[in-house]
Amino acid sequence: MSDELGARRDGAPLPRLQLDQLLDELQVRIDAARGTQDRVHSLLEAVLSIGRELDLPHVLRRIVEAAVVLVDAEYGALGVVEGSGLSEFLTVGVSEEEAAVIGAPPSGHGILGELIRHPEPLRLSEISDHPASYGFPPDHPPMHTFLGVPIRVRDEVFGNLYLTQKRGGGEFDGEDETVLQTLAVAAGVAIENARLYRAARERQRWMEANAEIVAALLSGAGELEVLEGIVQHARSIVGADLAAVALQVENSTDLRVMIATGTDADDHRGLVLPRDGSFMGAAVTAGEPITTAEVQKDARVTAGPPRFGGLGPAVAVPMVTDGGTPGALLLSRRERGAPFTEDETSPLLAFAGQAALALELAERRRAAEQIALLEDRDRIARDLHDLAIQRLFATGMTLQSTLRFVDHPQASERLLRAVDDLDETIKIIRSTIFGLRTAEAERRPQGLRARAAAGVERAAGNLGFTPSLSMQGLLDTDVPAAVAEDAVAVLSEALSNVARHARATAADVTFVVARGTLTVTVTDNGVGLPQDGRRSGLRNLATRAERLGGRLEAGPGPHGGTRLLWTVPLGTGA
């Protein structure tokens, strides 16, 4: 080179023009080398920039921004591939206003789909000339030149980088393609790191949630309290906008939504849905998690009122135990939200099992309490029979034998009244003993006392607390069977209304037989009766009372909430 610049080999000086041309050529090569060096530095900075991020959405955004700068493109996008389409589409260069005018993001057709079907670099000087192109939607910015490369995470195609409109009116060249491919390799590593970090963080959150649920179970917390905790944790960890739990209705295949939280939760809470025709019912039938991209349009949702407005991706997970599948957990995100992935649904299956475990433990706890209660009833019955009745009977005999020694008429009358009172007391105690022993001897109690107690205990599972129960009078001997049947049905309906509508934390139930009348009272501390709400349940209770010649009164309780008073005369319906 020094020979060329200085002189010819024969020693003669080079012509001036030829020397200027050589200097210009040298300057061009120096500029090109400097440009390449700057580009390499920019590429290294981009690799370092995306490598520093650990949050996946930030990593994806950094990748697109770096790609636009490196190849000097006006517009850039990153599409996350899901199956044969795109589940996410991040853009750079298109404002929010322009995106709103364009409409829904692309799903993976046309040129974008070409790169999905054939994950190899694609460079075009004119997009419209490619056979796969079918134009742009109205109000879309004009785009002509195109460069796309796939992003691979290990051997899996995670997504594609799309760059359009080379600045300055030129075309993307081979060097642009090489730079973008290099960035795509670094992006694959950064994405994998972000995925691993997110997986580790979510595993830690699931472990913490599991530990909290186990602690609640071991502490004896109520099943609804535990289920509420499970729903809140699941919704927080997977970033859902709606979460709900539905449990199977007793002696039915229907599901009742016991807990719902988040977007329009009131539209779901308390619903009774058939297994065939509901999304959670489909999960119970399948025995495994099911997902959908648009829960509003899912063909499996055919029953119940419209309730998924504004929601899109959803997952339903069955609550599986060795004894069956008592319910399901539902999580949903807003429209256009990210679909639920297998990495998200896999931990949910085990977590929903915690909910099933909570139900099973609560059932066993109730069974143990029932056994203890029955044993206590048997002891009370024995004590009443062996001690109280015998002593009362002996006292009555003593009073009767004393009558012959009393000459005063008023004294004799008082003694006879005392003997009658003792006889009545003995009848009440015997009726109580009969109810206690019937409740122990039969699985389904026939006495009204025991059936009322069983009804209150059954309702405790749906209420989340056990109502107090008070009974007075000869419930098992003076109440005809037909009236007892209606009374038990009234109790069940009244407590069911409390569970569905009252949002109460306590309730009181009384059964009183006095002066030839049975009165059933149910009082709660909830929100009270709505002024314009549906009262079909109350009409049913009123009809039962009127058929027996009685009445129903419904109104506010003495300390707020609602009080139902169901009164019928005895002797009718026997």
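**Reading salt bridges and loops**

Author: Asp264 counts as partly exposed, at 41% relative accessibility. The model is predicted.

Reader: How do I read that figure? Which cut-offs make a residue buried, exposed or partly exposed?

Author: Buried means under 20% relative accessible area, exposed means over 50%, and partly exposed lies in between. Asp264 has 41%, so it counts as partly exposed.

Reader: Where in the chain does Asp264 sit?

Author: Look in the loop between strand E7 (255–262) and strand E8 (272–273). Now check the backbone there. Asp264 is not a glycine, yet its phi is positive, at about 50°.

Reader: What is the phi of Arg515?

Author: It is near 50°, and positive, in a residue other than glycine. Arg515 lies in the loop between strand E13 (507–514) and strand E14 (517–524).

Reader: Is Arg515 buried or exposed?

Author: Arg515 is exposed, because its relative accessible area is 82% and the cut-off is over 50%.

Reader: Now the charged pairs. What makes a salt bridge?

Author: Look for a side-chain nitrogen of Lys or Arg within 4 Å of a carboxyl oxygen of Asp or Glu. Searching the whole structure gives twelve salt bridges.

Reader: Which residue does Lys166 pair with?

Author: Lys166 bridges to Asp176, and their closest N and O atoms are 2.9 Å apart. This pair links distant parts of the chain, ten residues apart. Lys166 belongs to strand E5 (residues 156–166), and Asp176 to helix H6 (residues 174–218).

Reader: Are Lys166 and Asp176 buried or exposed?

Author: Lys166 is buried, with a relative accessible area of 17%. Asp176 is also buried, at 1% relative accessibility.

Reader: What about Asp266? Which residue is its partner?

Author: Asp266 forms a salt bridge with Arg269. Their closest N and O atoms are 2.4 Å apart. Asp266 is exposed, with a relative accessible area of 58%. Arg269 is partly exposed, at 37%.

Reader: How is Glu553 paired?

Author: The side chain of Glu553 meets that of Arg551 in a salt bridge, 2.8 Å from N to O. Glu553 counts as partly exposed, at 34% relative accessibility. Arg551 is also partly exposed, at 44%.

Reader: Which residues are linked in a network of salt bridges?

Author: Asp486, Arg544 and Arg547 are. Find these residues in the structure and trace the links.

Note on methods: Residues are numbered from 1 along each chain as its sequence is written. This is a predicted model: local features need pLDDT of at least 70, side-chain atom pairs count only at pLDDT 80 or more; totals for chains, interfaces and linings use all residues. Side-chain values use heavy atoms; hydrogens and water are left out. Helices (H or I, at least four residues) and strands (E, at least two) are DSSP runs, numbered from the N terminus. Buried means under 20% relative accessible area, exposed over 50%, partly exposed in between (1.4 Å probe, protein chains only).
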